[in-house]
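Here is a quick tour for anyone meeting this structure for the first time. Have a look at the sequence and the model, then read on.

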Amino acid sequence: MASPTSPSGADRGAVLVTGGAGYIGSHACKALAEAGRRVVAYDNLSAGHRGAVRWGDLVVADLHDVAEIRRTIRDYRVSAVMHFAALASVGDSVKDPSPYYRENLEGTLGLLRVMVEEGLRPIIFSSTAAVFGEPTETPITEAHDTRPINPYGETKLAIEKALGHFERAYGLRSIALRYFNAAGADPAGDIGEDHRPEAHLIPLAIAAAQGGAPLQVYGDDYPTPDGTCLRDYIHVTDLARAHVLALSHLEGGGASGRYNLGNGQPYSVKEVIDAVERVTGRRVPWLPGARRQGDPTVLCASSDRIQRDLGWRPAYAGLDDIVRSAWRWHEAHPRGYANRAED
Ligand SMILES: NC(=O)c1ccc[n+]([C@@H]2O[C@H](COP(=O)([O-])OP(=O)(O)OC[C@H]3O[C@@H](n4cnc5c(N)ncnc54)[C@H](O)[C@@H]3O)[C@@H](O)[C@H]2O)c1
């Protein structure tokens, strides 16, 4: 285990970022450090990268190791938690739900239990649009029914509910942020997206433009203007900033809550392909494929509530801005973090 860094912003204590070596968690670490916070990433590196941890120490350990979580909270004088560590593939969760219940549910409950025992620290929880299931209206507000249609969404919703019970019983305050499609990379180019295998549209389209496998388009017969699904893409740096705002809100005595996070502007798969072609100046070869089960036609968030309550505004709302930042990262790191000596 790394030794604690010298305290700065010590009044408020350090922020424990589980999954801090992953895609969104690493961007949150950067945003926290920029806000003057001490950060400690806690990650078993099952999907994360050592090279993504640049704004604080890294404790390489598992969420199930509650003794190590407790030690980390004490050693670093942790005063708040951002919990990103999870398994996050909808398709895998359907094929093999057991690890999803173990990691996302059991793992998180262990973390919450230690937090309660160590003194009720606030937590920002990574939730997902998958808690809603098939949307019955769009854009999706926080008032929309939650009826997940896969184990991934079920485990995230179960934790959202547990957080409500933990607040009533133990006073544990929390904000659950339901992200739609996280995309893009740190605008300074320090960190970016490197999922293995990659399942997200923008990095796959970029890989196709770079000469990789042609992009599979899952269904081009949806009732949309060009026949492909519409999705709401939110820049990962905007997401990260929302976490910092949510934490300040709770630390300032604000109420717990659940917020949807997207741009409120859906783009079709073909519009994303066009944007990648515009930004890269290269063609994106693609192949039409069958629809995937459970893929709704449109997924689009209303972020009105977080804009109103927390003053969040997206800084990189345009699709080309999002794609440009991703392209910069992938062009400079064609093998992701494997290019970096320390990873
Ligand atoms: N990427 C998206 O578009 C998206 C959308 C909605 C919600 N989310 C949620 O956001 C969070 C982060 O997603 P991401 O895309 O950054 O994923 P990621 O896989 O890049 O990051 C997850 C990190 O958690 C770590 N981890 C997993 N299990 C662990 C365990 N048992 N102990 C310790 N560390 C563990 C992994 O090594 C990885 O670094 C997840 O909770 C996910 O469900 C992501």
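## Salt bridges

A salt bridge here is a side-chain nitrogen of Lys or Arg within 4 Å of a carboxyl oxygen of Asp or Glu. Search the whole structure that way and you get 22 salt bridges. Bear in mind that this is a predicted model, where local features need pLDDT of at least 70 and side-chain atom pairs count only at pLDDT 80 or more, while totals for chains, interfaces and linings use all residues. Residues are numbered from 1 along each chain as its sequence is written, and side-chain values use heavy atoms, with hydrogens and water left out.

Let's start with Arg-71 and Glu-68, whose closest N and O atoms are 2.8 Å apart. Both sit in helix α2 (residues 66-75), three residues apart, or about one turn of the helix. (Helices, H or I with at least four residues, and strands, E with at least two, are DSSP runs numbered from the N terminus.) An α-helix has 3.6 residues a turn, so residues three or four places apart point the same way. Buried or partly exposed, which is Glu-68? Glu-68 is buried, at a relative accessible area of 10%, while Arg-71 is partly exposed at 43%. (Buried means under 20% relative accessible area, exposed over 50%, and partly exposed in between, using a 1.4 Å probe and protein chains only.)

Asp-238 is buried, with 0% relative accessibility, whereas Arg-241 is partly exposed at 31%. Elsewhere, salt bridges that share partners join Lys-30, Arg-54, Asp-186 and Asp-190 into one network.

Arg-291 and Asp-221 also form a salt bridge, at 3.0 Å from N to O. Arg-291 lies in the loop between β12 (286-289) and β13 (298-299), and Asp-221 in the loop between β8 (215-218) and β9, so this pair ties together parts that are 70 residues apart in sequence. Arg-291 counts as partly exposed, with 42% relative accessibility.

## A buried strand

How many of the residues of strand β2 (residues 39-43) are buried? Five of the five are, so β2 is largely enclosed by the rest of the structure. In a regular strand the side chains alternate between the two faces of the sheet. Both faces of β2 are covered: Val-39, Ala-41 and Asp-43 are buried on one side, and Val-40 and Tyr-42 on the other.

Strand β1 (residues 14-18) runs parallel to β2, joined by four bridges; strands count as paired if DSSP finds at least two bridges between them. Leu-16 has Val-40 of β2 as its bridge partner. The chain gets from β1 to β2 through helix α1 (residues 23-34), in a right-handed β-α-β crossover. (Right-handed means that, with the strands pointing away from the viewer, the path from the first strand over the helix to the second runs clockwise.) Strand β3 (residues 57-60) pairs with β2 too, in the parallel sense over four bridges, and Asp-43 has Val-60 of β3 as its bridge partner.

## Helix α10

Helix α10 covers residues 319-332, and its 14 residues should span 20 Å at 1.5 Å a residue; the end C-alpha atoms are 20 Å apart, which agrees. (The expected span is 1.5 Å times one less than the number of residues.) Buried residues in α10 include Leu-319, Ile-322, Trp-327 and Trp-329. Among the elements covering the buried residues of α10 are β7 (181-183), α6 (201-209) and α8 (269-280), with contact meaning heavy atoms within 4.5 Å.

The structure holds zero disulfides, a disulfide being a pair of cysteine sulfur atoms within 2.5 Å. Cys-229 is buried at 5% relative accessible area, and Cys-29 is buried at 4%.

Most residues other than glycine have a negative phi, and most peptide bonds are trans. A cis peptide bond joins Thr-138 and Pro-139, with omega about -5°, and another joins Arg-196 and Pro-197, with omega about 0°. Leu-45, in the loop between β2 and β3, has a positive phi near 60°. Arg-77, in the loop between α2 and β4 (78-83), has a positive phi near 45°.
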